[in-house]
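User: I am new to this structure. Please show me how to read its features.

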Amino acid sequence: MTTTEARATERKPPQIVDMSWDPITRIIGNLGIYTKIDFANREVVECHSTSSLFRGYSVFMKGKDPRDAGFITSRICGICGDNHTTCSDYAQQMAYGVKPPMLAEHIVNLGEAAEYMFDHTIFQDNLVFVDFCEAMVKATNPGVLARAERTAAPRGDIHGYRTIADIMRAFNPFEGEIYKEALKVSRVTREMFCLMEGRHVHPSTLYPGGVGTMPQPTAFTDYLSRLMRIIDFIKKAVALNDDVFDFFYEALPGYEEVGRRRVLLGCWGAFQDPKVVDYRYETMNTWGKAMYVTPGIVVDGELVTNNLVDINLGLRIMLGSSFYEDWVNEDPFVTRDPLGNPVDMRHPWNQTTVPVPQKRDFDGNYSWVMSPRWLDPRTGDHLALDTGGGPLARLWSTALSGIVDTPYVKATGDSVRISLPKGESLPETTLEWRIPKWSNTIERDRARPYFVAYAAAMSLQFLEEAMGLVRSGDTKVFENYEVPDEAIGCGFHEAVRGVLSHHLVIKDKKIANYHPYPPTPWNASPRDMYGTPGPYEDAVQGQPIFEENGPDDFKGVDIMRTVRSFDPCLPCGVHMYVGKGKTLTTMHSPTYGASHG
Amino acid sequence: MGSIRVGRAQAKPDTPGHVSGMHQGNQGRYQDQTGHHRDGTSDARRSTGIHWKRHDALVDAMPNISPG
């Protein structure tokens, strides 16, 4: 078993109550968490995570023009659709053998950086903080709130709040100051995104081979002026997050056990280096390591690999508790990768999705999510990697690799240093994210504002390089290509909440097989054929309960904090459902008149 | 699709993607759009203004770059 080991403590006779939350609110999609809670020993005994949503992108992508893939897969998600477009374009660029011009890469990087800043801010400040706000803490741990009133905020000189309770009040939904300011900031960051990618969240200017964004100097200066407006907000966000999360460790001893699991993190890398990347599979290890967020797999605090080829070949899609038929007896699409390495039948390139709708049974099949795993070549274990909500794995992997060395961001081996310039009210600041002792709820949440700072710092570099190209007259943003008859491709990227891969097989210029693997299938996966629970289940199972309420008025805030720390986003978790009795109307407006309809 | 029931396909995928005789964007319009070069670079003639097709930057000291 590759799960986290249970803690040994003195036990009282168990008093087990079934508790379930289905659907969980403040996330996207249908996620259900079914638990058994032992109120006598104040811990969660068992947990199942389930999704009741089937979508079937991998089913209906077949037979389509591969050039449409980026536009279609963008619709997988209503918040990180552009990550799918970007990843799909990466996979297509590999299949077509085309490398976009430098300026196009910078524009994509700038758009993606704005997306990270937007999405992390709105999720953290408007959705996660509700679990840490004054109203919630008063309802679940009144003693903690009383202590927060008495505790001065150590970084009050930066963010301006005197006590921890003042910060918690500013977190209150709809009325708190931070809640309202975050909404404004997420508008500004979305504007930055639209300057680069045309439209949020389904980009209109990203294509394989380049972008359609007009590279005018004003596009970049407009981006820069907006970035400088929010740069102080980012510095404050890091400071007040650190204050609140440090306070939770202090006020509730043992809180580090909440949502803690073995360190099993995966990061597929983000922000291509335009000078290095050529999108060839053969050189994928080189340009993968040149990415400005280094890919990597971290097991028990050690970096196992940061080679994208190894990461790719180790991917396994398992069944065990999912509503699908096995595909191992189908014909494989890809038996060898372009380097000659064998490709497993359970690899996304060879997967065939055969849905089998059935009743939910927690002893058998209970979810539409499959179980993606990574085969550890050292031990032969199928690791249930999680993404740590995205930022934790990205920062951890980048820090351990120690490759990133840019004017604004530097990976040191055990930390990541991020320098942000002077803003309207705060001076130039260097933030340092250090590798934490645990992979737990608080550390997943804490990493998020640091990654917003990381994205802001990287975008300053991309802006400088992009404006240098525009000033030299190099405004080429698109490279033409031909769609080959047969080809394969894979794209590795980071969606806002973690790893994202797209695997593509082209036959007769059409899509023969297409499998997007976004972060939530990794995080929300059910038990696989070996019985290994998915990350949500593993993190919640065995976690202590600190909430003071009993079974009658139990809110489950500790469990919700854990689940939300992974930034769950279920629409991508399962791969169209029209409810009974709903009529679809077909409208078709041919571009060149009805004769073409 | 296994044993799952599916409806009739509603899309007609053979609708033409291109009608012959129509201009295709990837080929560019280099004769008509002065200031855009075949190697992907561009210069100040991309700007609008008086006789913009003829003018590069007005003064040698000015950078001959795309306008904002």
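Analyst: A crossing of two helices is left-handed if the near helix is turned anticlockwise from the far one by less than a right angle, and right-handed if clockwise. This is a predicted model, in which local features need pLDDT of at least 70, side-chain atom pairs count only at pLDDT 80 or more, and totals for chains, interfaces and linings use all residues. Residues are numbered from 1 along each chain as its sequence is written, while chains are lettered from A and ligands numbered from 1 in the order in which they are written.

User: How is a helix pair described, and what is the crossing of α9(A) and α10(A)?

Analyst: Two packed helices are described by the angle between their axes and the distance between the axes. Here α9 (residues 177–197) and α10 (residues 217–251) of chain A have axes that come within 9 Å and cross at roughly 160°. α9(A) is therefore roughly antiparallel to α10(A) (angles over 145 degrees count as such). Their crossing is left-handed.

User: Which classes of residue make up the contact of α9(A) with α10(A)?

Analyst: The contact has 10 nonpolar, one polar and five charged residues. Among them are V185(A) and M192(A) in α9(A), and L227(A) and F233(A) in α10(A).

User: Which residues of strand β6 of chain A are buried?

Analyst: A residue is buried if 20 or more other C-beta atoms lie within 10 Å of its own. In β6 (residues 264–267), L264(A) and G266(A) on one side and L265(A) and C267(A) on the other are all buried. Four bridges join β6(A) to the antiparallel strand β7 (residues 296–299) of chain A, and C267(A) stands opposite G296(A).

Key: Axes fitted to C-alpha atoms, helices over the stretch in contact; angles between N-to-C directions. Helix = DSSP H or I, 4+ residues; strand = E, 2+ residues; numbered from the N terminus. Parallel < 35°, antiparallel > 145°, perpendicular 65-115°, else oblique. Contact = placed C-beta atoms within 7 Å. Nonpolar A, V, L, I, M, F, W, Y, C, P; charged D, E, K, R; others polar. Buried ≥ 20, exposed ≤ 12 C-beta atoms within 10 Å, placed from the backbone. Pairing = 2+ DSSP bridges.
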